[in-house]
Amino acid sequence: MITRSIPSLFTLGNLFLGMMAILLAIQDEPRYIDYAAILVIIGMVLDGLDGRMARMLNAASDFGKELDSLSDIVTFGVAPSVIMYLVVLHQLGPWGIAITALFPICGALRLARFSVQPGIPGFFVGLPITAAGGVLATFALYHSIFPPLFLPIGMIILSLLMVSRIKYPNFKKVGVPRAAFWITPLIIGAVALLAYRFPSEFPKIVFIPLVGYAAYGIKKSIEKSWRHKVKKKRDNHLGRR
């Protein structure tokens with residue numbers, strides 16, 4: 001019974017970090033925004049581990065899947081939106097409120113669709129909320145070096161990517177040796193230590209691969225659409241001959 005509860009403990013840890021991120025973000029000190037973003041990123045680590053633990057321990061269940069979705073909407077939907085609102089969107093008035101609400105709404109739609117339509121084996125359909133939330137949480141740290149409209153537009157794009165039909169690789173089900181179960185606490189400890197020692201740089205380092213992942217799906221979708229158009233033109237040309 002205890003063994004079967006381990007994956008849910010990871011999921012609840014993810015939810016706890018999401019709540020802590022929100023509480024830190026609403027404090028009156030700007031440095032807490034960095035810590036809030038870091039907690040979202042550590043939540044990504046726990047989110048990546050809970051499913052692996054469930055498969056490794058043969059403890060996967062519908063209950064665990066639903067709990068995971070509920071936790072994700074808080075940690076990767078609501079928390080990053082609150083961070084962005086406090087950093088920049090509050091300056092946009094009603095538009096800022098609308099954009100803030102759009103992100104978790106699209107995240108909830110993405111999670112609901114995934115629950116009833118798991119999608120294509122080896123791929124996610126639409127940008128996973130975990131990746132979108134990680135990008136958004138770290139996006140806020142760059143607000144001073146981008147034009148004023150960059151971050152709101154980026155947030156809208158991430159929201160639309162979540163509900164899009166673009167395919168993204170699913171790395172969650174990549175095989176992991178059973179021995180890795182004992183290394184998991186060390187991984188979490190290492191991530192937490194790096195986050196503690198380098199609070200301002202850590203989120204920015206994670207930002208790069210996350211943005212690359214989001215851009216990868218767009219690039220592949222454009223290439224697929226282009227190939228389809230070229231093939232259609234070629235077929236039409238051959239048909240007229």
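Analyst: Helices here are DSSP runs of H or I with at least four residues, strands are runs of E with at least two, and both are numbered from the N terminus. The model is predicted: local features need pLDDT of at least 70, side-chain atom pairs count only at pLDDT 80 or more, and totals for chains, interfaces and linings use all residues. Residues are numbered from 1 along each chain as its sequence is written, and side-chain values use heavy atoms, with hydrogens and water left out.

User: What makes up the chain, and in which order do the elements run?

Analyst: The chain has eight helices and two strands. From the N terminus on, the order is α-α-α-α-β-α-α-β-α-α.

User: What do residues 32–49 look like in terms of helix and strand?

Analyst: That span is 100% helix and 0% strand, with its end C-alpha atoms 26 Å apart. The unreviewed UniProt entry lists residues 32–49 among its "transmembrane region" features; such annotations may be inferred rather than shown by experiment, and their positions are given in the numbering used here, with feature names shortened. Another span in that record is 124–143, which is 55% helix and 10% strand, with end C-alpha atoms 29 Å apart.

User: How do you know what span to expect of helix α3?

Analyst: The expected span is 1.5 Å times one less than the number of residues. Helix α3 (residues 62–87) has 26 residues and reaches 37 Å from its first C-alpha to its last, close to the expected 38 Å. The helix also has a kink of about 30°, centred on Asp72; the bend at a residue is the angle between axes fitted to the seven residues ending there and the seven starting there.

User: Why is Thr11 called buried?

Analyst: Buried means under 20% relative accessible area, exposed means over 50%, and partly exposed lies in between (1.4 Å probe, protein chains only). Thr11 has 4%, so the residue is buried. Thr11 lies in helix α1 (residues 2–25). Leaving aside neighbours within four places in sequence, Thr11 is in contact (heavy atoms within 4.5 Å) with Asp50, Leu67, Asp68 and Ser71. Over the chain, 44% of the 241 residues are buried.

User: Is Phe123 buried or partly exposed, and what does Phe123 touch?

Analyst: Phe123, in strand β1 (residues 123–125), has a relative accessible area of 32% and is therefore partly exposed. Not counting residues up to four places away in sequence, Phe123 touches Lys167, Tyr168, Pro169 and Asn170. The C-alpha atoms of Phe123 and Asn170 are separated by 4.7 Å, although the two are 47 residues apart along the chain.

User: What makes the pair of Tyr32 and Tyr35 tilted?

Analyst: Rings of Phe, Tyr and Trp (its six-membered ring) pair if their centres lie within 6.5 Å; planes under 30 degrees apart count as stacked, over 60 as edge-to-face and the rest as tilted. By this rule there are two aromatic pairs. In one of them, the centres of Tyr32 and Tyr35 are 6.2 Å apart and the planes stand at 50°, so the pair is tilted.

User: Why are Tyr32 and Tyr35 separated by about one helical turn?

Analyst: Tyr32 and Tyr35 are three residues apart in helix α2 (residues 31–56), which gives a separation of about one turn. An α-helix has 3.6 residues a turn, so residues three or four places apart point the same way. Tyr32 is partly exposed at 22% relative accessibility, and Tyr35 is partly exposed at 31%.
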